[in-house]
There are 2 protein chains.
Amino acid sequence: MTDSAIRELEISRLSTQEKDFDTRLEALLAWEGVSDSAVQQRVDEIIAAVKARGDAALVDYSNRFDRMSVSSMTELTLGPERLREAFDNLPREQRDALAAAAERIRTYHQRQKPESWHYTEADGSVLGQQVTPLDRAGIYVPGGKAAYPSSVLMNAIPAHVAGVREIVMVVPTPDGVLNELVLAAAHLAGVDHVFTIGGAQAVAALAYGTETVPRVDKVVGPGNIYVATAKRAVFGQVGIDMIAGPSEILVVSDGETDPEWLAMDLFSQAEHDEDAQAMLVSWNAKHLAAVEAAMARLLPTMEREAIIRTSLRERGALILCDDRNEAVTLINRIAPEHLELSLEDPGSLLPEIRHAGAIFMGRYTAEALGDYCAGPNHVLPTSGTARFSSPLGVYDFQKRSSIIHCSPEGASSLGETASVLARGESLTAHARSAEYRLRK
Amino acid sequence: MTDSAIRELEISRLSTQEKDFDTRLEALLAWEGVSDSAVQQRVDEIIAAVKARGDAALVDYSNRFDRMSVSSMTELTLGPERLREAFDNLPREQRDALAAAAERIRTYHQRQKPESWHYTEADGSVLGQQVTPLDRAGIYVPGGKAAYPSSVLMNAIPAHVAGVREIVMVVPTPDGVLNELVLAAAHLAGVDHVFTIGGAQAVAALAYGTETVPRVDKVVGPGNIYVATAKRAVFGQVGIDMIAGPSEILVVSDGETDPEWLAMDLFSQAEHDEDAQAMLVSWNAKHLAAVEAAMARLLPTMEREAIIRTSLRERGALILCDDRNEAVTLINRIAPEHLELSLEDPGSLLPEIRHAGAIFMGRYTAEALGDYCAGPNHVLPTSGTARFSSPLGVYDFQKRSSIIHCSPEGASSLGETASVLARGESLTAHARSAEYRLRK
């Protein structure tokens with residue numbers, strides 16, 4: 001054992017019985033992902049440059065920020081053959097695992113497809129809703145240490161299932177290093193083109209288009225503060241998914257799950273990065289202590305020990321609560337991105353859970369299974385935004401159009417109502433437009 | 001007839017045959033709703049003040065901006081009894097029209113409710129999606145000249161149908177003037193509380209909460225540039241709907257609809273405000289001329305003549321195209337908020353229309369009917385954002401949680417795949433968390 005094995009585990013220990021519990025919990029949960037004005041200004045400049053200079057700006061920024069030495073976008077473009085090649089050349093085991101994951105993700109997301117519908121009223125008028133896919137989606141994939149093939153699958157497959165005509169992926173390749181697993185995942189997920197660009201400039205290129213990069217209708221995918229700031233800036237010009245904060249998990253345990261399993265589940269969240277948040281809630285104090293001991297014991301054996309240690313110290317928590325009901329209250333207050341219900345009968349809790357990105361039920365459902373291959377999406381609302389938003393899904397790559405087809409009879413009866421209301425709003429052209437269709 | 005009767009109608013006349021057609025159309029469609037840095041800074045200050053001083057800031061701003069003289073939020077709060085009173089005291093005709101509209105809007109939106117679903121796999125694992133409503137929604141209703149009771153119905157009824165627990169409405173009342181129709185609509189739509197505050201301060205209050213105003217999960221509804229800027233700023237803290245640009249309509253006519261009907265349909269869009277956009281497309285040049293003549297003839301009879309005249313001059317267009325197919329191309333390029341298909345067989349076009357907020361089919365379906373009472377929502381994606389967004393709907397007030405419940409067998413087979421992929425991403429805590437659940 002190394003020295004670190006005997007270091008005490010630094011993590012917040014809370015109890016709902018303590019007077020300052022609310023304040024401490026609030027402080028732990030607080031996360032301000034807001035970019036400062038320097039970042040904001042830099043991003044505005046980059047977006048303006050890409051709008052003005054197109055490909056030339058992308059080439060410049062890639063040479064500068066990613067230490068490339070290219071002279072045209074051709075060198076930053078990968079076609080479908082290159083993606084297939086990456087897939088074909090993977091070791092068998094990885095190829096099979098990636099294909100198995102893609103297949104399960106596709107199957108799950110196919111259940112999300114909404115149908116167009118309409119109904120006919122007694123007077124012959126038809127009302128309905130037509131569902132159509134986006135023409136073109138842009139997937140941002142981070143480069144370097146956070147280049148995850150699983151994220152490519154999770155972002156691109158819903159777009160593909162939705163029927164998006166063209167899926168464009170951008171991924172920076174610092175120092176020109178390509179990640180073959182990422183390219184292989186792009187092949188499997190139905191990505192049409194890959195541009196090896198990143199940062200705010202890649203977001204700007206997707207939002208406004210350049211000579212080479214086609215303008216897309218929506219930009220999705222995680223990224224650093226420059227990427228997040230650029231997404232916020234182009235929101236409205238194109239659609240965007242949520243702007244993600246650090247990843248988090250809330251595990252609720254009844255005390256009967258193996259403490260080592262739970263320790264590792266918490267580590268799997270904490271290892272993402274120093275800002276990630278791993279929290280365990282239980283009404284069994286002895287169990288909390290046992291999980292803590294398991295964490296202290298296992299931590300020195302972890303490859304990403306330093307990251308995990310920082311994450312647990314800064315943002316982790318072991319929370320003692322009174323009972324199951326109080327655990328439910330905590331869940332709904334925290335609205336966690338990932339919720340693991342390590343309980344004998346997790347189903348009994350489900351109807352009471354109002355806010356959570358993904359719910360992992362029972363002792364066997366480690367979050368890691370959902371991260372890779374269970375089927376549901378791993379792009380989930382963070383920082384309490386599960387109060388109002390959903391996992392990335394097929395619905396993010398489709399939109400609806402209302403359909404109204406009035407019969408002459410329908411137009412006449414609706415026209416009476418519309419005329420009264422329009423005149424109440426002093427919009428007389430509205431009223432007269434409706435009145436033309438009244439039956440004489 | 002007045003002098004204005006003989007004024008020439010000023011409106012852009014375009015033909016797809018002209019060389020500069022693309023450029024001219026692009027210029028007409030261009031709309032930059034971006035707020036300048038002075039507005040941005042003012043909004044940031046207001047948000048900071050509301051976060052820091054709560055109710056006191058709201059009282060100050062209302063006194064200053066809306067020329068009120070109140071000393072506490074009590075004076076800016078209307079309870080459910082006041083809303084009911086407003087409804088009960090309406091003239092019979094208005095009360096009936098409002099109730100009829102509310103009923104139809106409710107019926108249509110009930111069709112939008114998605115169901116939770118789940119499925120069980122061969123190994124006993126369960127996957128699914130749980131749909132839940134937001135806890136609390138905030139509806140922004142503009143005051144003054146743009147206070148529309150119909151907007152209250154359109155924004156609040158979908159929230160109510162979604163099952164939102166509490167619906168909070170804010171509406172500024174400049175000089176203390178209450179709009180009884182707006183309050184009556186709030187009563188019908190299921191609004192719980194009304195606060196008579198507006199501007200960026202109202203958005204900040206909804207997003208962060210004050211002593212009196214409860215923090216909501218999502219803010220929807222139209223507003224001026226301060227409101228739009230504030231919504232963009234609080235996006236992430238709460239959900240928001242789209243940031244709306246000026247309203248627009250694209251009418252496509254086969255030449256057989258009464259020119260006066262179409263003239264009035266175009267006016268009904270143009271009368272909203274000077275930035276509103278009304279465009280007519282036809283492949284029948286004579287018909288375009290006839291509509292133009294009708295517009296010139298009818299315009300002097302309009303109550304809102306000046307607004308209509310400016311709107312048509314600055315942003316309106318009569319567009320001659322080659323044929324039906326070219327009209328479809330234009331529709332998909334423009335992605336209009338409102339699309340009126342004034343055609344003999346509008347249904348034959350429907351499968352080809354990829355982007356539109358709402359589609360009004362046939363000669364009898366005036367947009368005005370949809371604005372008030374047909375049933376579908378009148379809050380629609382503007383400025384081409386129908387490429388990637390949808391009418392406001394029940395789905396905007398609900399969110400989804402993924403459900404994963406692995407059987408021991410399922411956890412074991414998924415664990416094999418997850419382990420390979422996690423190690424490929426160097427996330428070994430993920431791998432080990434999955435491996436704990438492998439069958440020995």
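**Two chains and their contacts**

In this predicted model, chain B is superposed on chain A by a rotation of 180° with 0.0 Å of shift along its axis, at an RMSD of 0.0 Å. The two copies are therefore related as by a two-fold rotation axis, and the same surface serves both of them, since 99% of the contact residues of chain B recur in chain A.

In the interface itself, 118 residues of chain B are in contact with 117 residues of chain A, and the area buried between the two chains is about 10,700 Å², of which carbon and sulfur atoms give 58%. Polar groups also take part, with 69 residue pairs in polar contact across the interface of chain B and chain A.

One residue of helix α15 of chain B is S412(B), which counts as buried because its relative accessibility is 9%. A polar atom of the S412(B) side chain lies 3.0 Å from the backbone nitrogen of R439(B), and, neighbours within four places in sequence aside, S412(B) is in contact with R437(B), L438(B) and R439(B).

The whole structure holds 52 salt bridges over all chains, and ten salt bridges are found across the interface of chain B and chain A; a salt bridge joins the side chains of E121(A) and R104(B), with N to O at 2.7 Å.

Within chain A, R136(A) and E166(A) meet through their side chains in a salt bridge of 3.0 Å, N to O. Because R136(A) lies in strand β5 (residues 136–140) and E166(A) in strand β6 of chain A, this pair ties together parts that are 30 residues apart in sequence. R92(A) is exposed, at a relative accessible area of 58%, whereas D96(A) is partly exposed, at 40%.

The largest nonpolar core has 70 residues, among which I197(A) and I197(B) touch the most other members. Beyond its neighbours within four places in sequence, I197(A) is in contact with residues including L58(A), M73(A), L76(A), V170(A) and V213(A).

Notes:
Residues are numbered from 1 along each chain as its sequence is written. Chains are lettered from A and ligands numbered from 1 in the order in which they are written. This is a predicted model: local features need pLDDT of at least 70, side-chain atom pairs count only at pLDDT 80 or more; totals for chains, interfaces and linings use all residues. Side-chain values use heavy atoms; hydrogens and water are left out. A nonpolar core is a set of buried Ala, Val, Leu, Ile, Met, Phe, Trp, Tyr and Cys residues joined through side-chain atoms within 4.5 Å. Buried means under 20% relative accessible area, exposed over 50%, partly exposed in between (1.4 Å probe, protein chains only). Contact means heavy atoms within 4.5 Å. Copies are superposed by least squares on the C-alpha atoms of residues with pLDDT of at least 70 in both. Buried area is the accessible area (1.4 Å probe) that two parts lose on being put together, summed over both. A salt bridge is a side-chain nitrogen of Lys or Arg within 4 Å of a carboxyl oxygen of Asp or Glu. A polar contact is a pair of N or O atoms within 3.5 Å; within protein, one must be able to donate a hydrogen and the other to accept it, and residues adjacent in sequence count only if both atoms are side-chain atoms. Helices (H or I, at least four residues) and strands (E, at least two) are DSSP runs, numbered from the N terminus.
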